[in-house]
Amino acid sequence: MNRHVLSMHDLTADDVTRVLDTAESFREVGSRVIKKVPALRGRTVVNFFLENSTRTRISFELAAKRLSADVINFAAGGSSVSKGESLKDTALTLQAMGADAIVIRHSSSGSPLQLTGWVDGHVLNAGDGTHEHPTQALLDLYTMRERLGRLEGLRVAIVGDVLHSRVARSLSFGLVKMGADVTLIGPPTLIPPDAPAWGVHVNYDIDGVIPKLDVCYMLRVQRERQRLEYFPSVREYNRLFGLTATRADALPEGSLIMHPGPMNRGVEIDSDVADLPQAVIEEQVTNGIAVRMSLLYLLLGGGGGSEPAAGRDEVEVLRD
Amino acid sequence: MSARGLLLDEDDIRRALTRIAHEIIERDKGAAGLVLVGIANRGDHIARRLADEIERIEGTAVPVGVLDITFYRDDIGLRAEAPEVHETRIDVGINDRTVVLVDDVLFTGRTIRAAMDALTDFGRPARIRLAVLVDRGHRELPIRADFVGKNVPTRRSDDVSVRVRELDGDDAVLVREALTSEVTR
């Protein structure tokens, strides 16, 4: 597996399968009375969050703690960053403190990549600007695979503000890699012009697509990232692209409704729809911890490097 | 590496497991309060067979769990790749019960140390016993088995492998001697 996980392009289809398979074991750990294993005892994971985040930071923190790693949370406010320290100097400080892995969230696309040039530890992208958010994509893939039994051939629509959505990018790349059939739906102003090059379909009419879906994935309308008015009004957006009760009814039996959170109830998803049994939004959150544990384990659990990636036989010999 | 020698064949394994099943119920005067926990990836199949045998003898169904010890290993981060993880499933409570850990080969004892640590995360058994199909020596920790299918003197560099029909298509214990006496670890 790649040393860093900055983008879904850093993972092969086999890597993705391995992350999801290993996450199943961590789901089991999460169901125990004692939800903690000693796998990463003595390792240090730094949560370096320079953009507001609650769920992703807590999820990573819990994942690292359940692996018995030591966790340091480092946020922009009240830190040296607010005193004007550059990203590079902050990174070098974290490096000097011996961080084995740095989980970074930053409002600038590409900052995790920059970080990899300055630190020896593993870098995990927890969302950079409008670029990618690979761990969200992995937990979404896990949830789909667990609920529907497969990824290959799944018909998935990703609906809403694709242009500003790092979730939509990572998830599209991941789904296409795993052989799913992806359709992006939204106002033309919010669909990136290069989207067809991702290997996905683009459609501007949600009602034509909905009856053929396995998964309807709603994106948050990210007003804070929109520097222009991309659509006339929230009410119109809801009428044209929101997941209303009528549209939820038109989804095939057994299909899933997903959302990366936080939701704007009444904008991209109606409040009643978000509470339907086929809406697996809280499950996504639970699975997020297991998937992040899996990724941290696979990245930090190896890397001793004293022996080459040896054959199975040798592993079997060393095991009793 | 030279040719593999057959240490135990299918019948040998069947007889050894039948004897161990008798020993387990003899030790605790029955199968009440017993839980068998097999260590993945082969111990769980052996545990299931022991449970079947105990049920045949005593008429008591014994719960069987499977334990993956990967997250409790003491060499995580020392090897190039994170070790592969298998399933863990212990559906019954183990508090105040007699847990028999079951594994295919007992070697350094490090797996058993990890398994005992893992078990304590599931509860507090009244006692933990250990059953293995083959004990090949070379312990690195103060651990011994309560029930042993066969004691086999080996060189540390030898490769002892257990095949079970559920995974490998047939039942056998094979030893492959190292060509040189050089210790590969």
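Trainee: Into which domains is chain A divided?
Mentor: This is a predicted model: local features need pLDDT of at least 70, side-chain atom pairs count only at pLDDT 80 or more, and totals for chains, interfaces and linings use all residues. Residues are numbered from 1 along each chain as its sequence is written, with chains lettered from A and ligands numbered from 1 in the order written. The bounds come from an automatic or database domain assignment. Chain A is divided into domain 1 (8-132 + 285-303) and domain 2 (134-281).

Trainee: How many residues of domain 1 of chain A are in contact with domain 2 of chain A?
Mentor: Contact means that C-beta atoms, placed from the backbone, lie within 7 Å. Domain 2 of chain A gives 19 residues, and domain 1 of chain A gives 22.

Trainee: Which elements give two or more residues to that side of domain 1 of chain A?
Mentor: Elements are DSSP runs numbered from the N terminus: helices (H or I, at least four residues) and strands (E, at least two). The elements are helix 1 (13-30), strand 4 (122-128) and helix 11 (281-300) of chain A.

Trainee: Which residue of strand 8 of chain A is the bridge partner of A:Ile158?
Mentor: Strands pair if DSSP finds at least two bridges between them. Strand 5 (155-159) and strand 8 (215-218) of chain A pair in the parallel sense over four bridges. The partner of A:Ile158 there is A:Tyr217.

Terms used
Contact = placed C-beta atoms within 7 Å. Buried ≥ 20, exposed ≤ 12 C-beta atoms within 10 Å, placed from the backbone.
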